[in-house]
Amino acid sequence: MFPERLSAAVEANALAYDHKELAKAAAQISEKYRAERGDGSRLVTKDCETAAYAAVRMPATFAAVSAALEHTLEHTDCEISAAADIGAGTGAAGWAAAELLESIAELHCYEREPKMRETGSRFMQEADIGIKTEWHSFDITKDTPGRSYDLIIISYTLNELSEKDRERAVDMLWEKADKLLLIVEPGTKAGYANILAARERLIKAGADIACPCPGNGKCPLNGDDWCHFTARAQRTKLHKLLKGGDVPYEDEKFSFIAAAKCAVKPCEKRILRHPQISGGFVDLRVCTADGISDIRVTKSSKQFKSARKADCGDSI
Ligand SMILES: C[S@@+](CC[C@H](N)C(=O)[O-])C[C@H]1O[C@@H](n2cnc3c(N)ncnc32)[C@H](O)[C@@H]1O
């Protein structure tokens, strides 16, 4: 859950702006992200845009990274004490890691835009993230972190880079990840294509894929289907005011890959679709080491109880 104290800091920050100005900035940001230009352009640079990003996007990207990391931790056995958030924006991924992993003692956030850095670092102080944090001015197309980290997360950032810069970023971050590299992208066809390209690169570099795949085999999805999951974020009053609508939550689609240098135990089956539950059985579409299959878990099966409670993205 998006921490309440962080939500309060995001809201207090947004109150400095006229809500019409913020709503306009939020709409422009959505438009820019929808275009998925991937050309390295600077998308969020002004104070008001940063405040709007934090109010309308940060809860959703926090939810996506939290879900991806939670799934990943089920399949890895590594002690994480130092973490880095690359292309940190206002710090959503860093917050997700700090909330999920009590073992984290320090978090370093790397970000190109000064307004994002200033706001993200202020949120971590005001809302008291509870661990040592450092923010670095950093351009992923030319800089390299000065040290390595147990866990590196890069969320919703690869898709802003050119193909050449994405490849450089993946290679460099893998080198700097001592135990785990988690890449999260929007759950679009383009986001999944970035994840797939990174996956192939990481496997060639010797990575073990910890999650969401059932191992290092070739991804069986092709054509119009792509691997993505959904994370639910509760909507605040401010979010509803800026984006309109009354629905109390939004479902954020995301794709991800977790590559490990520490021990992994990949899943046997990953649920790819929302389970279809009937009285006596649950129908699941799953990804396995042998490909995609549609399975029916019946009442007599040992897995029935867990299948009934399972959701898309879970392993079984
Ligand atoms: C969509 S935001 C994602 C922010 C955050 N990771 C999240 O999940 O909410 C993409 C971030 O990547 C940053 N970014 C884009 N290109 C970058 C680059 N070349 N070097 C460093 N950061 C970059 C942007 O400034 C922005 O903060």
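I looked up the handedness first: H1 passes H3 in a left-handed crossing, that is, the near helix is turned anticlockwise from the far one by less than a right angle. The model is predicted; local features need pLDDT of at least 70, side-chain atom pairs count only at pLDDT 80 or more, and totals for chains, interfaces and linings use all residues. Residues are numbered from 1 along each chain as its sequence is written.

I noted the geometry of H1 (residues 4-14) and H3 (residues 47-56): the axes come within 9 Å and cross at roughly 145 degrees. Axes are lines fitted to C-alpha atoms, for helices over the stretch in contact, with angles from 0 to 180 degrees between N-to-C directions. Helices are DSSP runs (H or I, at least four residues), numbered from the N terminus.

I listed the contacts (C-beta atoms, placed from the backbone, within 7 Å). Val10, Asn13 and Ala14 of H1 meet Ala51, Ala54 and Ala55 of H3. By class, this contact has five nonpolar, one polar and no charged residues; Ala and Val count as nonpolar.

Last, I checked the domains. The assignment gives domain 1 (4-264) and domain 2 (270-309), with C-alpha centres 30 Å apart. Eight residues of domain 1 are in contact with seven of domain 2.

Notes:
Domain bounds come from an automatic or database domain assignment. Two residues are in contact if their C-beta atoms, placed from the backbone, lie within 7 Å. Helices (H or I, at least four residues) and strands (E, at least two) are DSSP runs, numbered from the N terminus.
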